[in-house]
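Reader: Could you walk me through this model, please, starting with how a helix sits on the sheet?

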Amino acid sequence: MRVCVIGTGYVGLVTGVCLANVGHDVVCIDVNEEKVKLMQAGQSPIFEPGLAEIMQSSMAAGHLQFSTDLKGGVEHGDILFIAVGTPALPTGESDTRYVEAVARGIGTHLNGGYKVIVNKSTVPIGSGDWVRMIVLDGVAERQLVPVPAGGIPETTHPEVAADFDVVSNPEFLREGSAVYDTFNPDRIVLGSNSPRAIAMMKELYTPIIERRFAEDPSAEPVPVLVTDISSAEMVKYASNAFLATKISFINEVANICDRVGADVTQVAQGIGLDSRIGKKFLQAGIGWGGSCFPKDVSALIHTADDYGYEAQLLKAAVEVNDRQRQITLEKLQQVLKILKGKTVGLLGLTFKPDTDDMRDAPALILIEQLNRLGAKVKAYDPIVSQSGLRHGLTGVIVETDATLLADHCDALVLVTDWQQFKELDYAAMGQRMNSPIIIDGRNFLDREALVRAGFQYLGIGR
Ligand code: NAD
Ligand code: UDX
């Protein structure tokens, strides 16, 4: 099928590349010319395991192109994905200006044939109808007839000229495993009241669903859930809000464990064995960050407010998370007392492993707080230390390896659970430190091994 993906960030690029990889004819559009040039040269602008390889093979097979030409993209695609960012405004609302620009642009360039316009971006509930309206505005703008002197502008009939449906198709991929998640979705959610659009979307995803069977004939079939548009939009917010609340829940339990002397890792194992609870997303630590949970939970709270409902549980989940981001600082104060004049080394900067994404990363808050208290902050991150991203950071010296990081540190804090951090030579690092202290902000390291290596070890809730 002929597909156009507009916006080539973590979601748009992965979606476009994976759809091309299963044989669709995909054009990806972005306004960022530098990014487009990079992608045209076969390079991925983001770090995502496995992405660059299938991007290059899909380009070589002639299934994948990159461009800044929205008109060309709209003319090419029978299915047009909107996959631009929807960051949080200072009020907590979702900033939909990029979606609006794309929807208007699509309207301006609609070329007559039937199109399915897909909201892949996470957009506030009710955006399906709103996008339809904006697209029609775009159509109308194009069709403005010259205004006679002193006359009022007139439009032709956009509804007749523009033949399209809007589908909400929320994305559930996780950064760091985005390619895997796209090829192995837990479910595909399609929100629309148009049987024609739904049929086209099902056809689009069939090769992805079949690919999983080809790899593992015993695999469970991927459920395809068809809903109305608003429910599909709500599924996205409710999923992220649930997962974020689950993490805040275990973090609250961890804080109680700290006080009563229980071990939250054992508690999480014990409760996770109950199949009604499940063992995933019960890792206590420094709190949730990233480009989705914080903004999506805030946006849902805001939507509830708009409709006269106070989302108390969600507000509490955010409060617990905000407090949790102080926890490593409190533990540093507990062991080092005064932080002024001390040097703290951070293991990890990204909001989670296997990504280069720093949006709402807990490390950024910790750096700010440590600076405010007069501590010197150093950091090592497997991706950030090797990339241009390190130049954008202030208040932190980014080291190129973990051993250098340890030099003259009064304490280390593990912020991101990168697998590599399990294999470091902690005994050697401890020798280089002023005092071998480690705060394991993710309960990720081998506590006994660190104690044997001479470290004072503090975890979260254990
Ligand atoms: P991103 O910020 O990484 O990328 C957005 C891209 O859109 C950028 O490359 C930007 O240049 C481009 N863009 C902006 N305006 C444009 C325009 N008018 N025309 C063409 N391109 C334009 O965003 P992301 O993280 O991929 O998120 C995209 C959407 O998907 C958001 O709504 C987000 O909430 C949702 N989502 C993200 C994730 C995730 O893990 N990042 C997961 C699920 C859903
Ligand atoms: C999330 C959702 O999982 C995904 O479905 C959605 O499409 C986008 O948002 P992502 O933000 O990429 O994905 O990462 P995720 O693995 O969910 O982690 C989010 C945050 O929660 C990270 O900061 C992570 O460190 C933290 N986390 C996760 C915990 O603190 N404990 C856990 O048990 C799991």
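Author: In this predicted model, helix 14 (residues 327-336) lies across strand 9 (343-347), strand 12 (411-414), strand 13 (437-440) and strand 14, and runs at about 155 degrees to strand 13. Helices (H or I, at least four residues) and strands (E, at least two) are DSSP runs numbered from the N terminus, contact means heavy atoms within 4.5 Å, and axes are lines fitted to C-alpha atoms, for helices over the stretch in contact, with angles from 0 to 180 degrees between N-to-C directions.

Reader: And which strands does helix 15 touch?

Author: Helix 15 (residues 362-372) touches strand 9, strand 10 and strand 12, and its direction makes about 180 degrees with that of strand 9.

Reader: What's the strand order in the open sheet?

Author: The six strands run 11-10-9-12-13-14 with parallel pairing, where a pair needs at least two DSSP bridges. Strand 11 (397-398) and strand 14 (456-458) each have a single partner strand, so one side of each is left without a neighbour in the sheet.

Reader: Switching to ligand 2, which backbone atoms lie by its oxygen atoms?

Author: A polar backbone atom of Gln283 is 2.9 Å from an oxygen atom of ligand 2, and a backbone N or O atom of Leu282 lies 3.4 Å from an oxygen atom of the ligand; a polar contact is a pair of N or O atoms within 3.5 Å.

Reader: How much of ligand 2 does the protein bury?

Author: The protein buries 91% of the 660 Å² that ligand 2 exposes taken alone, with areas from the Shrake-Rupley method and a 1.4 Å probe.

Conventions. Residues numbered from 1 in each chain as written. Chains lettered and ligands numbered in written order. Predicted model: local features only at pLDDT ≥ 70, side-chain atom pairs only at ≥ 80, totals over all residues. Heavy atoms only, no water. Polar contact = N/O pair within 3.5 Å; in protein donor to acceptor, adjacent residues only side chain to side chain.
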